[in-house]
Amino acid sequence: MKILLAEDEKELSRALVAVLTHEGFSVDAVYDGEEAVEKAKTGVYNCMIFDIMMPKLDGVSALKNLRAMGNVTPALFLTAKSEVDDRVVGLDAGADDYLAKPFSMKELIARINSMMRRVNKYMPKQISVGSVVLDTEEQSISSENSIGLAKKETKLMELFMLNVDKALSTKELFNNVWREEDNANEDVVWVYVSFLRDKLRAIDANIQIEGEEGGDFTLKIIS
Amino acid sequence: MSIYQDYEQTLHEIADDLIRRIKDNNESYYAQNGTKVYEHLSCRIKSDESMREKCQRKGLQEDVHSALVELKDAIGIRIVTSFVDDIFENLEFIKSIPYVSIINEKDYIRHSKPNGYRSYHAILEVTWDREDVKGNFPGKYYVELQLRTIAMDSWAALEHQLKYKKNVENQELIVSELKRVADDMAACDVSMQTIKNLIHKKQ
């Protein structure tokens, strides 16, 4: 589980990284809103934690920008402000939750876990990229044609479609799709990428998954 | 007298020669690769009765010109394969037969029909050392070729039953479920091919 943390107070950031890492999360820490947007554009995160008051770009604007780009990663605001209006602004900007400072680490972790549990309900049932529509409920993709997908193929395709043009490593893909499987190993990623590639060809899709066995894979729209 | 008149003999000659060549190709493919390039091969000359019925249905005169020139499926060949790529392997072979040229192709595999039907259709023009209806020598004859996988074939058989059975209960539901199954079967066909390629490292 990967978290993007944007918090400009170095002390607090360090403490959060230590606690979250201890809880088993892997954390990328950045210190202003612009950096947060850049990181979120290129990386794959399961959750984002943004401070509201940050240099260069505040947390609310950063999240607004990301949501406008189609980023649907669950987000939580840390806020020194506890006025009702400020919390409303944050939630309206696309946040899924907020926590007023000072907060207890225990509560933060409980809120992150709760967001993760709800994540599937937030995901749109249909995702479109290029000519292709993925229906996560029907487990099918369609373009010129439609074709059924297996459960893991749907998960993997969803991940690619929510992260167009991003280079996703075999490890990242594995951790996101197969993390709850006991007997899986990273070889499964190449096999499933192969399944998806042939299925995309079969429906005459104008998107394709680029990359080599064991390396990074990127979903691209073919012009 | 049959609607095909004296040309019926030529239809049989052409069908027999095509079948022989397609079978021979399967055998040499097997000798080379240890696997067959198709599972079933069937061929029929459209019966006099159904050809006349088709002429009527299409508003054509019931004569030999309609049967051999206007309609191009007096000879029908169907090749059923295990894997999707084998369809194109067979197609390439048929294109390489010297007297064959393909005048029309429809790829209902990549562009399936709305009901889920998948198959590859081609109309072959055969140049044969016999006179044709128009008096050309050598003459031009036509063959309808259908290529599909076993999965597509059994799906088509089921859909055929639906088409010819009247008053099916829950018609709409059955039609939409049939479409879903077509997409699932296509998914299996594609995945079988992917696995085959992974085994042989062709990805």
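These notebook entries record what I looked up in a structure with chains A and B.

**Entry: ground rules**

I note that this is a predicted model, in which local features need pLDDT of at least 70, side-chain atom pairs count only at pLDDT 80 or more, and totals for chains, interfaces and linings use all residues. Residues are numbered from 1 along each chain as its sequence is written, and chains are lettered from A and ligands numbered from 1 in the order in which they are written.

**Entry: chain A as a whole**

I looked up the secondary structure of chain A and found eight helices and 12 strands. Helices (H or I, at least four residues) and strands (E, at least two) are DSSP runs, numbered from the N terminus. The radius of gyration of chain A is 18 Å, close to the 17 Å of the globule rule for 223 residues, so chain A is as compact as a globular protein of that length. That radius is taken over C-alpha atoms, and the globule rule is 2.2 Å times the number of residues to the power 0.38.

The C-alpha trace of chain A spans about 55 × 35 × 30 Å along its principal axes. I also recorded that 34% of the 223 residues of chain A count as buried. A residue is buried if 20 or more other C-beta atoms lie within 10 Å of its own, exposed if 12 or fewer, and partly exposed in between, with C-beta atoms placed from the backbone.

**Entry: two residues of chain A**

I first placed A:Val27, which lies in strand E2 (residues 26-30) of chain A. A:Val27 counts as buried because it has 20 C-beta neighbours inside 10 Å. Leaving out residues up to four places away in sequence, A:Val27 touches A:Ile3, A:Leu5, A:Val17, A:Leu20 and A:Thr21. Two residues are in contact if their C-beta atoms, placed from the backbone, lie within 7 Å. The C-alpha atoms of A:Val27 and A:Leu4 are separated by 6.0 Å, with the two residues 23 apart along the chain.

I then turned to A:Thr136, in the loop between strand E7 (132-135) and strand E8 (140-142) of chain A. A:Thr136 has 19 C-beta neighbours inside 10 Å and therefore counts as partly exposed. A:Lys155 is 19 residues from A:Thr136 along the chain, and their C-alpha atoms are separated by 8.0 Å.

**Entry: helix pairs of chain A**

The axes of H6 (residues 151-161) and H7 (residues 170-177) of chain A come within 10 Å and cross at roughly 125°. Axes are lines fitted to C-alpha atoms, for helices over the stretch in contact, and angles run from 0 to 180 degrees between N-to-C directions. H6(A) and H7(A) are therefore oblique to each other. Angles under 35 degrees count as roughly parallel, over 145 as roughly antiparallel, 65 to 115 as roughly perpendicular and the rest as oblique.

Next I examined H2 (residues 33-42) and H3 (residues 59-68) of chain A, which pack at about 25° with their axes 9 Å apart. H2(A) and H3(A) are therefore roughly parallel. In this pair, A:Gly33, A:Ala36, A:Val37 and A:Ala40 in H2(A) meet A:Gly59, A:Ser61, A:Ala62, A:Asn65 and A:Leu66 in H3(A). The contact of H2(A) with H3(A) has five nonpolar, four polar and no charged residues.

**Entry: chain B**

Chain B has six helices and five strands, in the order α-β-α-α-β-α-β-β-β-α-α along the sequence. I recorded 28% of its 203 residues as buried.

Helices H5 (residues 150-164) and H6 (residues 171-199) of chain B pack at about 170°, with their axes 10 Å apart. That makes H5(B) roughly antiparallel to H6(B). The contact of H5(B) with H6(B) has nine nonpolar, no polar and two charged residues.

**Entry: where the chains touch**

Which elements give two or more residues to the side of chain A that touches chain B? I found 14 residues of chain A in contact with 13 residues of chain B. The elements in question are strand E9 (146-148) and helix H8 (187-202) of chain A. H8(A) gives the most to this side, with six residues.

Methods
Ala, Val, Leu, Ile, Met, Phe, Trp, Tyr, Cys and Pro count as nonpolar, Asp, Glu, Lys and Arg as charged, and the others, Gly among them, as polar.
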